[in-house]
Amino acid sequence: MASLGAVTPRASAITEAEGSGSPSNNRLRGEVRAFLQQQADSGEFVPRCDNWMSGFDPAFSARLGDRGWVGMAIPVAYGGQGLSALDRVVVAEELLAHGAPVAAHWIADRQMAPSLLSHGSEDQKTRYLPGIAAGTTYFAIGMSEPDAGSDLAGVRTRAVDTGDAWELTGTKLWTTGAHLAHAMVVLARTDGSPTDRHAGLSQFVVDLPNDDIEIKPIQSIDGSAHFNEVIFHNARLERSALLGARGDGWKQVMSELAWERSGPERYLSTMPLLRAWADRLRDRGATAEQRRTLGELTARAWTLREMSIDVARELSSGGRPDVAAAMVKDLGSTFEGDLVDEIRRSSATTARIGSGDPFAAMLSDAVLHTPAFTLRGGTNEILRSIVGRGLEM
């Protein structure tokens, strides 16, 4: 076996990138990296692939909140740090690459905080943002429905204005973390019919639990339950639950989806596996083919990272990079699956749940999570149609 030579696990992983290049980003990255290494070494968490989706650890999220590493772009007046979206990217990259358990706060931090800041009332901001920044308030997102598939505009969940309240009826599906969330943002039709498509949709912030809301966990192939079916039985909401303006739901959702689809979790979910494989190759030696595979995967990750950061910059400046975000999600989720397949093939390791070999156990975990990569956040077919329409304009 040839020596891995100058290729080390740290140099081969995307985490060597120094944020957006500023000295403050570099210092922040070093602080986060040292903290995560200490947490992993002391057994506070076991690195896993896709832990931003499946690793629900309230205590760990609270520790990050104490350090100011959740809700970093939230203004100081609402409990945040008042930093930029790029500062958050630095922290997010390290958390993902180290396989940290961040599912509890991830959705709230990633897209609900920006949405509340852009569209929320002052009461909604003061009610939810401090808890998000502390890493102690968790959100779910109610978009997909049983009869709509990936056709988000075909939602049938309806919110009826009764004069002094709203009554919500319908069903949401594949709602991540709803069984653990303190609140969820629901896209519902307030006016017109499903044939009106983008018109007549509104968003609501719904507190959980609620006696009129039924949450049914959906078991995944690995036996865990991260997704849910959520059924609204004429659930009564205060009038203040409306997020933004009535009828602006579609526009608001498109803005949120740009945050959801373009983040580093769309290409770094399986980075812990790449890091673990690089460690293995360094310790055991690598063939020329393995070195080539490692280099190709790392190069693809670097390219996706640059695309993701470009989207974050545009979002921070108030832009709407819907097409670019869809492209990052499509290419990123494809890359994540390819990474698992290539390492499984090149390492000649048998993926086995509960294996005494940590690498084999991590590989098995990654294999079981792979089918969801190209589905969540919009199927690749839908994303490609968004890109295609955008290129025609």
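Modeller: Helices are DSSP runs of H or I with at least four residues, and strands are runs of E with at least two. This is a predicted model, and by that rule the protein chain has 14 helices and eight strands.

Biologist: What makes the radius of gyration of the protein chain agree with that of a compact globule?

Modeller: The globule rule is 2.2 Å times the number of residues to the power 0.38. For 393 residues this gives a value near 21 Å, and the protein chain has 21 Å, so the two agree. Along the principal axes, the C-alpha atoms fill a box of roughly 75 × 45 × 40 Å.

Biologist: Why are helix 10 and helix 13 called roughly antiparallel?

Modeller: Helix 10 (residues 271–284) and helix 13 (residues 358–373) pack at an angle of about 155°. Angles over 145 degrees count as roughly antiparallel, and the pair is therefore described in that way. Their axes are 10 Å apart, and the crossing is left-handed.

Biologist: Which residues of helix 10 and helix 13 meet?

Modeller: From helix 10, Pro272, Leu273, Ala276, Trp277 and Arg280 meet Phe359, Met362, Leu363 and Ala366 of helix 13. Eight residues of this contact are nonpolar, one is charged and none is polar. Arg counts as charged.

Biologist: What does the UniProt annotation say about residues 25–135?

Modeller: An unreviewed UniProt entry annotates them as "domain: Acyl-CoA dehydrogenase/oxidase N-terminal". In the model, this span is 66% helix and 0% strand, and its end C-alpha atoms lie 21 Å apart.

Key. Residues numbered from 1 in each chain as written. Predicted model: local features only at pLDDT ≥ 70, side-chain atom pairs only at ≥ 80, totals over all residues. Heavy atoms only, no water. Axes fitted to C-alpha atoms, helices over the stretch in contact; angles between N-to-C directions. Parallel < 35°, antiparallel > 145°, perpendicular 65-115°, else oblique. Left-handed = near helix turned anticlockwise from the far one by under 90°. Contact = heavy atoms within 4.5 Å. UniProt positions renumbered as here; feature names shortened; annotations may be inferred.
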